[in-house]
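Have a look at the model first, then read on.

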Amino acid sequence: MTQAITSGETSRDSLFIIAGGGVLTGVLTPLLPQLIDRIGGTPGDFRIALVAVPFAILVAILVRRCSRNPWWAAPAAAIVTMIAFVCAVNAAIFIDGQANGADKIMRNVLAGLAGGFTGATIMALGIGLLPAGPRDAIAWLRMLRSGTVAGALLAFDNALDLDLTSVLYPVWQAGVAAMLALALRRAKIS
């Protein structure tokens, strides 16, 4: 995986490896709340942001290796990713509350779509503002589409009553990581 990410190349094989990194971080994500809940005295949004650390590390590596950004852009992208995660969770909770009268599955689909879209959009906006970030909106459309559609898997997670495992996180993080690499590569080439 390191070789695919460090080469800066986004061939089909490297995209599969990057997506594999997203799957790995997605498997770790639902396991972290049990560890983070042991930290006392921290605000809820900070705890939610800590859950995003594995994916934020992957995003930082991608920004560092797949773009011509200065060194500080990678930690900035990681922070943007953590903020996006908090906003995505809060958007999903808000939409779930607004769709209170709807069927549980429909509420979960709507909440997942809103959360997936919110997370991908904030990441695209934040990373797009970095010095070498793609300024072309078309470069980000694949990532927004991937993040939004994968967000609907929240309904699948809730239907299966998954707690320490998830379908949503591995699929969402794999798709967004691969599409982020493509967007960054597109900006690097142009």
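## Aromatic pairs and helix packing

Tyr169 is partly exposed, with a relative accessible area of 24%. Please keep in mind that this is a predicted model.

Q: Is Phe85 buried or partly exposed?
A: The cut-off for buried is a relative accessible area under 20%. Phe85 has a relative accessible area of 14%, so Phe85 counts as buried.

Q: How many aromatic pairs does a search of the whole structure find?
A: Rings count as a pair if their centres lie within 6.5 Å. With the whole structure searched, the number of aromatic pairs found is 2.

Q: What kind of aromatic pair do Phe55 and Trp172 form?
A: The centres of Phe55 and Trp172 are 5.8 Å apart, and the planes make an angle of 65°. Planes over 60 degrees apart count as edge-to-face. The pair of Phe55 and Trp172 is therefore edge-to-face.

Q: Which helices hold Phe55 and Trp172, and how many residues apart are they?
A: Phe55 sits in helix H5 (residues 53-66) and Trp172 in helix H10 (residues 168-189). Phe55 counts as buried at 4% relative accessibility, and Trp172 counts as buried at 11%. The pair links distant parts of the chain, H5 and H10, with the two residues 117 residues apart.

Q: What kind of pair do the rings of Phe85 and Tyr169 form?
A: The ring centres of Phe85 and Tyr169 are 6.0 Å apart, with the planes at 35°. Planes under 30 degrees apart would count as stacked and those over 60 as edge-to-face. At 35°, the pair of Phe85 and Tyr169 is therefore tilted.

Q: Which helices does the pair of Phe85 and Tyr169 tie together?
A: The two residues are 84 residues apart in sequence.

Q: Are H6 and H7 roughly parallel or antiparallel to each other?
A: Helix H6 (residues 73-98) and helix H7 (residues 104-128) pack with their axes 7 Å apart, at an angle of about 155°. Angles over 145 degrees count as roughly antiparallel. H6 and H7 are therefore roughly antiparallel.

Q: How many nonpolar residues does the contact of H6 with H7 have?
A: The residues of H6 that meet H7 include Ala77, Val80 and Cys87, and Leu110 and Ile122 are among those in H7. By class, this contact has 6 polar, 2 charged and 14 nonpolar residues.

Q: What is the handedness of the crossing of H4 and H6?
A: The axes of helix H4 (residues 44-51) and H6 come within 8 Å and cross at roughly 115°. Ile48 and Leu50 are among the H4 residues in the contact, and Phe85 is one of those in H6. The crossing of H4 and H6 is right-handed.

Notes
Residues are numbered from 1 along each chain as its sequence is written. This is a predicted model: local features need pLDDT of at least 70, side-chain atom pairs count only at pLDDT 80 or more; totals for chains, interfaces and linings use all residues. Side-chain values use heavy atoms; hydrogens and water are left out. Axes are lines fitted to C-alpha atoms, for helices over the stretch in contact, and angles run from 0 to 180 degrees between N-to-C directions. Helices (H or I, at least four residues) and strands (E, at least two) are DSSP runs, numbered from the N terminus. Angles under 35 degrees count as roughly parallel, over 145 as roughly antiparallel, 65 to 115 as roughly perpendicular and the rest as oblique. Contact means heavy atoms within 4.5 Å. Ala, Val, Leu, Ile, Met, Phe, Trp, Tyr, Cys and Pro count as nonpolar, Asp, Glu, Lys and Arg as charged, and the others, Gly among them, as polar. Buried means under 20% relative accessible area, exposed over 50%, partly exposed in between (1.4 Å probe, protein chains only). A crossing is left-handed if the near helix is turned anticlockwise from the far one by less than a right angle, and right-handed if clockwise.
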